[in-house]
Amino acid sequence: MEQLKAGLGAAGIPYRENEPLAEHCTFKIGGPARVFVAPQEEEQLCKAILLCRDSGLPYYLLGNGSNILFADEGWSGVILDTSALKSSIQREGCTLRAGAGTLLSSLCREALRAGLTGLEFAYGIPGTVGGAVYMNAGAYGGELKDVLTRVRYLNQEGQIVCAEAAELDLSYRHSIFEENGGCILSAEFRLTPGDPAEIQAKMEDLMGRRRDKQPLDKPSAGSTFKRPAGAFAGALIDQCGLRGYRHGGAAISEKHCGFVVNLGGASCADVLALCDEVRDIVQEKTGYLLEKEIRVVKG
């Protein structure tokens, strides 16, 4: 750890020790990170990763923290906060290129300004470009793979490489980055010309649906369970009479049963226990086995 901190200091890469992770995720849950690194530039991010690897320390790449549940004990290694990167979006014709730390909402607004359609579904997803590519984020019938064309990333050998979307094994809430350990640096999206008024109307409609149906007033990590084949997790949970069901400070949302919310003071243990109880009840009553969509980070 001392070797890492010395390397970060020498490279001028900002970092803090014992940083509360509850302050860096939408669930507002989690203990401290031993070292929390906030690179400002892509070069600093790559350097920090190489320093972690050279030091033999585990690291975790964090985006906007919108699909994460951190352990109550925190993280004993290094958190690399990609949302701290200075973001930029470039346009070339119908193509938009954005850095990994760019908020999806910013990318969607840029597409609107450029009169480009295809990203409306992503407006309101509270994540970064890097995180969205990593899990092939989607909503309202759209997924990142529908518009993603190319990704630049740092591979395990320390090289910056480019890959076409077809090479990324993009499927429901999955990409090859879950297996190959690559760090997404930027992504390219191919859109199509559209009427700005229609694009804006669709974005506002989808955002309105989110406000009406989702518990945006309480801390959560979004949809807690993946959609099982042939059904919807929220409907199954509601069907089993679990609306409002709680364990400690965590509860199934009264507004949308697909969300587990933090009622105040919820722990990671509360959320995991609740998820296990709900999973078992739903399987017993319906035969469907629910799988968590949220990423649990512990270690």
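1. How are α1 and α2 oriented to each other? They pack at an angle of about 160°, with their axes 9 Å apart (axes are lines fitted to C-alpha atoms, for helices over the stretch in contact, and angles run from 0 to 180 degrees between N-to-C directions). So α1 and α2 are roughly antiparallel, a label for angles over 145 degrees. Helices here are DSSP runs of H or I of at least four residues, and strands are E runs of at least two, numbered from the N terminus.

2. On the α1 side, the contact (heavy atoms within 4.5 Å) comes from Gln3, Leu4, Gly7, Leu8 and Ala11. The α2 side brings Gln44, Lys47, Ala48, Leu51, Cys52, Asp54 and Ser55.

3. A word on the model: it's predicted, so local features need pLDDT of at least 70 and side-chain atom pairs count only at pLDDT 80 or more, while totals for chains, interfaces and linings use all residues. Residues are numbered from 1 along each chain as its sequence is written, and side-chain values use heavy atoms, leaving out hydrogens and water.

4. Now the sheet: it's open and mixed, with four strands in the order β1-β2-β5-β3. Strands count as paired if DSSP finds at least two bridges between them. β1 (15-20) and β3 (59-62) sit at the edges, each pairing on one side only. From one strand to the next, the twist averages 35°.

5. β2 (residues 32-37) and β5 (residues 75-81) run parallel, joined by four bridges. One to look up: Ala33 has Trp75 in β5 as its bridge partner.

6. Both helices meet the sheet. α1 (residues 2-11) touches β1, β2 and β5, at about 125° to β1. α2 (residues 42-55) lies across β2, β3 and β5, running at about 160° to β3.

Terms used
Angles under 35 degrees count as roughly parallel, over 145 as roughly antiparallel, 65 to 115 as roughly perpendicular and the rest as oblique.
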